Amino acid sequence: MENRTLLSFCRKKTAIRKHVLALMAVLALSLHLEGLADAIDLSVISNRTGLMFKLAYIPVTSGGTSSRATQEAQKLILRDLAESGYFDVSIPEPDLVAKLQAIGLTGEGTNALAAGGYEGVAAARVTEDQTGIHVLGIVRDPVSGKVLLSRQYTTSGAARHAVHRFVDDVIYQFTGLSGIARAKIAFIGKNPRRGYDLYTMDFDGEGLHRLTFDHVLAYSPAWSRKSHHIVYVSYLHMEPQILSYDLRTGKRSALARFPGLNITPDFSRDGVHLAVALSKGNRAQRTEIYVTTLKDRKFNRLTFSRSNNLSPSWSPSGNQIAFVSDRDGHPQVFVMDSDGTNVHRITFNGFYNVSPAWGPSGDLVAFVCMNDRHRPKICLTTPDGSRSIQITHGRGQDDSPDWSPDGRSIIYAHQVRGKSVIMKMFLDGSHNHRIGTFQRDVITPMWAVP
Amino acid sequence: MHTRAVLSRSSLVLAGLFLAGCATSVDMSDLRARVDNDESRLHKLQSQLGSSGGDQLNSQIADMEARLDRQKARLESLRGRLDTIDHRIDQLRGQIASAPAPQPSTQPAPAPGGTTPLAAPVPGAPQGGSPGENAKSIYSQAMRDYQSGHFTLAQKEFAEVISRYPSSYLAGSAQFWIGQSLFYSKNYKDAIDAYNQLIQKYPESGKKADAFYKRAMSYELMGDKTQAIHYYKKILEVFPAENDLDEKAKRRIKNLE
């Protein structure tokens with residue numbers, strides 16, 4: 001009996017010693033590693049974010065009075081160029097503009113701009129007739145006057161469509177990269193009276209379009225332009241089910257309607273595969289990650305841990321999936337191969353890291369982290385979890401980050417005093433501004449996967 | 001002097017971490033044993049119920065199941081702590097490896113028990129920074145290329161980490177990612193070789209279980225069902241505590257048989 005008591009005491013003592021050692025080590029770590037969270041080197045993306053060209057813009061009038069639509073188009077060109085983040089764009093001195101307008105788009109006189117350090121001269125003549133709006137866009141080298149781009153853009157719809165195409169071409173001319181002026185965003189918007197519905201809009205918040213009229217809770221849209229489908233979570237049938245909206249036909253069908261939770265769909269870049277989280281009637285409503293396709297709709301289970309696994313996000317190569325799991329006691333972001341193997345955790349700061357979104361260039365994952373005041377903010381990490389940084393600050397709560405198709409900016413839902421809007425910012429924190437004019441609350445904004 | 005102080009302080013922290021890591025591992029082993037014990041008792045009770053039945057046994061089983069769930073949750077929570085500590089150890093190792101190596105001509109001889117550089121360069125290694133920095137830099141670039149889908153390039157860079165810095169703490173991971181690069185290039189034969197090398201050369205690697213699975217999967221994708229089943233079964237045998245991988249392996253075996 002005595003031996004047993006002694007053994008028990010020794011065990012307790014050993015256990016206490018272990019805990020003290022563990023605490024000491026963690027304390028020492030917290031002192032040593034303070035500040036490491038901010039160690040991310042954003043230069044890994046600065047090759048793209050840092051590209052900046054000084055560009056002169058010359059709005060060319062065609063003699064007579066211009067319509068309101070053409071005036072708006074001229075303003076939009078200037079705004080698109082500035083918002084692209086690639087251009088330090090300005091309209092030169094009025095006398096110089098008048099001179100260049102007077103000689104048209106011949107290239108004569110553009111060398112006067114070279115002295116001002118301009119690396120390009122863009123000019124556009126916007127006209128309107130019965131067939132629609134026409135944008136004649138020209139870009140010249142200010143030194144040689146050589147034409148770098150000359151193209152006519154015509155639209156029978158809104159002028160902005162032609163303008164966006166012109167600006168995308170200007171970006172491509174200077175950077176060799178695709179612009180996002182034709183990119184689209186899907187989001188869930190609150191209705192005036194009750195419930196939520198699915199909306200889409202252009203990259204700049206214009207062209208708002210309501211797709212559903214269900215007046216029920218919905219969230220997490222995922223849009224693949226290759227497959228022409230938006231999938232999202234809807235409570236249309238009282239339980240969270242994943243519905244698929246065919247943008248070509250306007251028809252909807254249930255993609256996943258298993259008992260329990262059917263949530264957080266995400267399209268792979270090829271638009272073929274979808275990763276979703278399903279509880280499939282699990283009593284504890286624990287969800288697991290599954291992969292399916294719109295075509296065969298067979299669900300292949302990837303995770304088998306006795307915990308919640310959700311919010312999958314595909315890597316651009318399609319070989320890996322980032323997801324959230326509380327298998328370690330708290331929700332953290334993990335990465336696994338797309339066959340469910342090679343699972344490893346990539347977030348280590350704090351007890352709440354969720355909503356991963358894998359960037360299109362593959363080298364960064366955005367996610368929601370908690371700041372010092374326990375408010376959700378947007379963070380970035382590398383896919384191996386070696387470096388991370390918080391990129392949104394200030395008041396309010398930020399969630400649902402998603403990457404623009406060019407990987408240079410992030411949109412997210414920003415909530416202050418109960419009002420939620422969509423914000424867009426470059427990775428370095430610049431150009432942080434609200435997009436869209438949607439009057440009511442918005443949740444889970446997502447870019448369309450091109 | 002400063003370098004020595006940094007290395008000495010880091011070694012103390014590393015030692016502390018090592019102990020903390022051991023404590024957690026012991027906890028986990030203990031808990032795992034208890035979970036296994038409870039599971040066998042549960043099976044026993046279930047078989048008794050099958051033969052005799054009775055409300056009391058039902059109640060006991062329900063209790064056991066609840067207890068099992070609690071212990072599994074605790075086990076996963078401990079695993080989380082272990083993950084966090086592992087990550088921090090990796091960060092510290094990186095810091096130590098990145099610290100400038102002491103100069104033999106100007107520094108006094110290290111005291112017994114002092115630290116040695118974790119990554120020693122081999123002839124021909126770049127001289128730009130410390131060995132740790134160089135290994136980490138190549139490894140990071142390789143990871144970026146891997147994430148971008150440039151598998152051939154990534155494979156070469158991971159191989160460079162191993163050939164130039166064979167004693168680096170990153171060498172084992174690099175070996176795994178070589179296998180991954182080959183696997184996703186659909187070069188399954190070479191991927192198997194790479195995974196085998198990891199299993200043999202880096203038996204302590206945290207990627208060992210995954211290497212076992214990927215090896216089996218490579219055989220499956222090559223159409224060699226017999227070997228695939230053999231290696232999937234091997235996973236169940238060698239890694240009984242890897243629930244996630246075990247479940248996958250069982251499913252693959254069922255699919256193949």
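**A helix pair in chain B**

Tutor: In this predicted model, helix α8 (residues 225–238) of chain B and helix α9 (residues 243–256) of chain B have axes that come within 9 Å and cross at roughly 150°. Angles over 145 degrees count as roughly antiparallel, and α8(B) and α9(B) are therefore roughly antiparallel to each other. The crossing in which α8(B) passes α9(B) is left-handed. On the α8(B) side, the contact is made by B:Lys225, B:Ala228, B:Ile229, B:Tyr232, B:Lys233, B:Ile235 and B:Leu236. From α9(B), the residues taking part are B:Leu245, B:Asp246, B:Ala249, B:Arg252, B:Ile253 and B:Leu256. Sorted by class, the residues of this contact are 9 nonpolar and 4 charged, with no polar ones. B:Lys225 and B:Lys233 of α8(B) and B:Asp246 and B:Arg252 of α9(B) are among the residues in the contact, and Lys, Asp and Arg count as charged.

A helix pair in chain A can be described in the same terms. Two packed helices are described by the angle between their axes and the distance between the axes. For helix α3 (residues 68–83) of chain A and helix α6 (residues 159–175) of chain A, the axes come within 9 Å and cross at roughly 35°. Here α3(A) passes α6(A) in a right-handed crossing. The α3(A) residues in the contact are A:Ala69, A:Glu72, A:Ala73, A:Leu76, A:Ile77, A:Asp80 and A:Leu81. Those of α6(A) are A:Ala159, A:Arg160, A:Val163, A:His164, A:Phe166, A:Val167 and A:Val170. By class, the contact of α3(A) with α6(A) has 10 nonpolar, 1 polar and 3 charged residues.

Next, the chain A setting. The domain assignment gives domain 1 (46–175) and domain 2 (184–449) of chain A. The C-alpha centres of these two domains of chain A lie 36 Å apart. Between them, 5 residues of domain 1 of chain A are in contact with 7 residues of domain 2 of chain A. On the domain 1 side of chain A, the residues touching domain 2 of chain A comprise 2 polar and 3 charged residues and no nonpolar ones.

As for chain A overall, there are 6 helices and 29 strands. Of the 450 residues of chain A, 47% count as buried. Among contacts in chain A between residues at least 6 apart in sequence, 44% join residues at least 24 apart.

Conventions: Residues numbered from 1 in each chain as written. Chains lettered and ligands numbered in written order. Predicted model: local features only at pLDDT ≥ 70, side-chain atom pairs only at ≥ 80, totals over all residues. Domains from an automatic or database assignment. Contact = placed C-beta atoms within 7 Å. Helix = DSSP H or I, 4+ residues; strand = E, 2+ residues; numbered from the N terminus. Buried ≥ 20, exposed ≤ 12 C-beta atoms within 10 Å, placed from the backbone. Axes fitted to C-alpha atoms, helices over the stretch in contact; angles between N-to-C directions. Parallel < 35°, antiparallel > 145°, perpendicular 65-115°, else oblique. Left-handed = near helix turned anticlockwise from the far one by under 90°.
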